[in-house]
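User: I have a structure open and want to go through a few local details. Can we start with what you mean by buried?

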Amino acid sequence: MTNDRRRFLGAAAGAVVTTGAAVHQLRPKHFVNYRRPRSLVAVLTCDSYSEKIEELLLDGLKLFSLDVREKSVVLKPNLVEDLPGPVNTNPVLIGAAARCFLRLGASRVVIGEGPGHQRDTELVLDAAGLQHVLRGSRVQFVDLNRDEVLTVRLKAHYSGLRELWLPRAVLSSDMIVSMPKVKTHHWAGVTLSLKNMFGIVPGMKYGWPKNLLHWAGIHESILDICATVPIHFVIADGITAMEGNGPLQGSPRDLGKMVLADDPVAADATCARLMGLEPTRVKHIRMAGDFLGNLDERAIEMVGDRMPEPSRPFAVLPVFSYLVRRSS
Amino acid sequence: MDTTACGVARILANRQLAWGGWSFTGSQQTSIEATCLSALGLAWHEEASTALAIRYLVDSQRADGGWPAFAGDQEACWTTSLALCTLTAVNDASDARERALNWLLSQRGKEGHWFWRWKFKTVDRNVRFNPDKYGWPWCPGAGSWVIPTAFSVVAIKQFSVCSRSDESEKRIQLGVEMLADRACVSGGWNSGNSVVYGVPLPPHVEATAVALLALQDEPRSKIVHASVNWLESRAVEIDAVSSLSWCILTLFVYQRRFEELKRRLAAVVGDGSAIRNNATLATAVLALRCGEMIHPFMVLQ
């Protein structure tokens, strides 16, 4: 009798656990879908960070039917550390982008970033050369690590975080432009427009680094953030990129490309292909393809230059060797 | 206080919110970090502002003894260490300090749990660190990092200088060992990752300065010497106000030359009006007053 009871209780507990796991798996993980039938991507050739970049970028932006008139635009570059090398999005490109959006009629352009490791944002801006760009311009910089924050329910539940405090400067803007530096990344494989959005999470709440997101899962946190704060446009700095042990200690790689896109997943997939990496093997890009944008090349329309093949794949840490495309 | 520091302190005082706190950059959202640093920067010179700030701090302490990062946040975090340092500096007589100490002693980095210690010792060894040496996280649920650990060590050392419990002693020791474990290979500290995938990462100015403040009364080890030397050499290169200010505050404690750095800081800060970040402005006031007041992060032996 006792054995029967034990067996019954064991079976019941097993059934509860199995049902719970099944319910957890079946429960929807995202409550938005930003995928459109087609996405536009432009790969622009640009060999250096010269003054010519502004006209090139403006011509590139005109390939998209962007209406930014009277809109407030937040440019979110990737400004990480006061280190030498192609660690940060180049300030010449950031300044050019700011002026282009103003020329296209934006009412306000703000550059916003919350560096993930370095607490002294001014030190990063000095090292990145952005102070020079900001001087005398109509463009303001907002330290997203210390801006006023509001609590926001997440529109995807991959990380289990449910809600985050996010900066008002980002939440109140009409348009978010992610401006990543094209780099390999020692935790995420690559850091492109989606991963770049880690920088909107305020350090004053989550610290330096924003370690709670790492414990909740880097890929999962990226998906939750990008579902909640959609990226409207991407300008990726792949002119001088970084390969190897990125995002801080890697080597410069002259890719000579800027990638513009109206879809962050299409942008990241294209950047990864330019890097000679397979985007479907990067977990957050693959999962983002379900609801944040288009991953499939057939749904990505190239405007401007034809999609070039990389001369050789980007060097990656051995742990990420599976990312390298077989055909490359 | 010289005229530059007086003028900057007055600007800081004018930015105080009606209820006694300071926001980071002009909003109405009180930041505990900005409030603590501002209260310390104005202490003994702007008495009304300081008194209002201290009353705000005491009133905003949570029932569990901790402080959140900002007003409206429902979770205590690393700012508790800064609040404890502030209340100790002004010799606050309420029981707020005792409750803050108890909160700090109840917190640990997530790797302090046996499961995560086991994971970081066996499976996940990409970052070189000893998970047995844990400190304090920025916020509950995260791992230990250098700056929150260093401020917690300073706060506990300052508050318990006259009578230290075994628990306080143990956590101070563990915190000091954690800082030693996380030091960068050739000196200094960054956020807390010294070597990743076998590659040494470079130090940060502020993390190094704050970590050295936590170690000021410890034996001067090789890593401490190397770190002070690194900070001293780096300080002459930087114009960023917050980092330069932390350099001055730390080099003063280690009896290194800082007067020239103070002159340079005064030149960079100007009248202070261009510095939007109140925590930075307050740190600059502390640095400009360094040597003319009781150092708020000094640990008595």
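Analyst: Buried means under 20% relative accessible area. By that cut-off B:C247, at 0% relative accessibility, counts as buried. Keep in mind that this is a predicted model.

User: How far is the sulfur of B:C247 from the closest cysteine sulfur?

Analyst: The distance is 12 Å, and the partner in question is B:C290. A disulfide needs the two sulfur atoms within 2.5 Å, so that pair is too far for a bond.

User: How many disulfides over all chains, then?

Analyst: The count is zero. B:C85, for instance, is in no disulfide, and its nearest cysteine sulfur belongs to B:C36, 8.5 Å away.

User: Is B:C85 buried or exposed?

Analyst: B:C85 is buried, with a relative accessible area of 0%.

User: Switching to helices. How do α1 and α13 of chain B pack?

Analyst: Helix α1(B), residues 3-14, and helix α13(B), residues 278-288, pack at an angle of about 150 degrees, and their axes are 9 Å apart. Angles over 145 degrees count as roughly antiparallel, and the two helices are therefore roughly antiparallel to each other. Their crossing is left-handed.

User: Which residues make the contact?

Analyst: From α1(B) they are B:T4, B:A5, B:V8, B:A9, B:I11 and B:L12. On the α13(B) side they are B:N278, B:L281, B:A282, B:V285 and B:L288. By class, this contact has nine nonpolar residues, two polar ones and no charged ones.

User: What about B:Y197?

Analyst: B:Y197 is not a glycine either, yet has a positive phi of about 50 degrees. B:Y197 is found in the loop between β1 (195-196) and β2 (199-200) of chain B. Its relative accessibility is 25%, so B:Y197 counts as partly exposed.

Methods:
Residues numbered from 1 in each chain as written. Chains lettered and ligands numbered in written order. Predicted model: local features only at pLDDT ≥ 70, side-chain atom pairs only at ≥ 80, totals over all residues. Heavy atoms only, no water. Axes fitted to C-alpha atoms, helices over the stretch in contact; angles between N-to-C directions. Helix = DSSP H or I, 4+ residues; strand = E, 2+ residues; numbered from the N terminus. Parallel < 35°, antiparallel > 145°, perpendicular 65-115°, else oblique. Left-handed = near helix turned anticlockwise from the far one by under 90°. Contact = heavy atoms within 4.5 Å. Nonpolar A, V, L, I, M, F, W, Y, C, P; charged D, E, K, R; others polar. Buried < 20%, exposed > 50% of the residue type's maximum accessible area, 1.4 Å probe, protein only.
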